[in-house]
Amino acid sequence: MLYRRMLSRAAYIGRWEFGRKRNEFSTKRDYVRQIMQREDEVAFMQCEELRIVDDELFFAVQSRLAELTKGPRGPKKDKQPQLFDLVTDLFWCAHCNVRFQQAGANGRGMRCKNGDLCPCQSIVRRDEATRAICEKLCALINQDAELIQSIICRVHERNSPGDEELQTAVAKLERRIATLSNRISDFYQMAGEGNDKDRKEVMRHVRSTQAERSSVQHELSQRQQQLTQSTATIQPEAVRESLAGFSELLKDAASGMLSEEAVYKAMAVIRRLVGGRVMIHVERRKGRKRKNARGVFTPQLIRAVADQADLTDRHEPAGEEVSVWLREPPRLDAIAERAHELIDIERLSHRDTAKRLQKEGHKVNSGNVWYSYHRWYEMNGQTPPSLPYNSRTTTVTGESRHSSALYFK
Ligand SMILES: [Zn+2]
């Protein structure tokens, strides 16, 4: 590339040209421009004495240069925005409490911003992680749609005592304004009497009373606005519709079937539903090359619906975390959550849990169940309760958690 101009100079074969460009002064631009001239306006002179390359070599070089010529390099084609590009900043390293950033082959992955300095370092595929989050959110919505609906409607009933206080305040302010208005008209009547000095005095009172009235009016309009906001109600159908919309969007997002417009919509919805952040827990497993990667976040399903309906919710229920595998975990880790549910919540024995899991399509024996169950406590940083192996459990000492109760206490 660097030598292209030199190698293609016709002067090398003794061919000199004159008048290829002509100077032209532009008054408008106030400078001289060089204008390319037509081929027949250019004068040529062949001077064999100045030739340094023979024709054969020169034209061989020209054809080689032509082969190497690349086409015009225009602007890159507009790439369809990818959802995982838009949500990478949601993922944070749980160990370092810093953001993940794009990394790995072709930038398809992401890892802790601290890179090799992070003891929990692992490159997580961005597309897989985003898909896992979408699928989880979708499942949560489908599982709890009715619960969410009843909570939102109940919350709005609960707002009414607050509304009464507001209504009292509004009535008080309205009375105050009426009093001040009466006082002002009294002053005006008085202004008709007395001398100039008295009149000035009265007008001073008028102005100060008017100032007070406008400040009370300002407060009144604020209170009235609060009242309309808090009494804004949401119909159960509207909640259902919102949730169905989210669910549909997330399903398309998980299967990668979003239109360009929907990609941005999905981005906004996911951001709200995960509460702005997904903490990534990377776990190194003894004797295994692949590390486990889980995403943990606190779903904000109720807030997301309320936001969409422009409701200001003052009673956001306390959320609980949910956990999502961001890459395929080892087989027995994958069923740990289910083993925990069956043993700690449904109170099944290890053997019955194994039977149930077999029915659900897992090839496990009760020894596997014991391992999975202990792994659940290990992964959640807790000590497993000492349960009698292979007998029906009667007491649960461990903290009991259930996926559908994960974010409503
Ligand atoms: Zn880290």
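1. Start with the contacts across the whole chain. Take those in the protein chain with a separation of 6 or more: 64% of them join residues 24 or more positions apart. Keep in mind that this is a predicted model.

2. Next, the overall make-up. The protein chain holds 13 helices and 11 strands. It has 409 residues, and 21% of these count as buried.

3. Now look at one helix pair. Two packed helices are described by the angle between their axes and the distance between the axes. Helix α7 covers residues 236-254, and helix α9 covers residues 301-308. Their axes come within 10 Å and cross at roughly 110°. Angles of 65 to 115 degrees count as roughly perpendicular, so α7 is roughly perpendicular to α9. The crossing of α7 and α9 is right-handed.

4. Which residues of α7 and α9 meet? From α7 come V239, S242, L243 and F246. From α9 come A304, V305 and Q308. Sorted by type, the residues of this α7 and α9 contact are five nonpolar and two polar, with no charged residue.

5. Which residues of α8 are buried? They are A266, M267, V269, I270 and L273. Check what comes after the helix too. G275 follows α8, and the phi of G275 is positive, near 70°.

Definitions and conventions: Residues numbered from 1 in each chain as written. Predicted model: local features only at pLDDT ≥ 70, side-chain atom pairs only at ≥ 80, totals over all residues. Axes fitted to C-alpha atoms, helices over the stretch in contact; angles between N-to-C directions. Helix = DSSP H or I, 4+ residues; strand = E, 2+ residues; numbered from the N terminus. Parallel < 35°, antiparallel > 145°, perpendicular 65-115°, else oblique. Left-handed = near helix turned anticlockwise from the far one by under 90°. Contact = placed C-beta atoms within 7 Å. Nonpolar A, V, L, I, M, F, W, Y, C, P; charged D, E, K, R; others polar. Buried ≥ 20, exposed ≤ 12 C-beta atoms within 10 Å, placed from the backbone.
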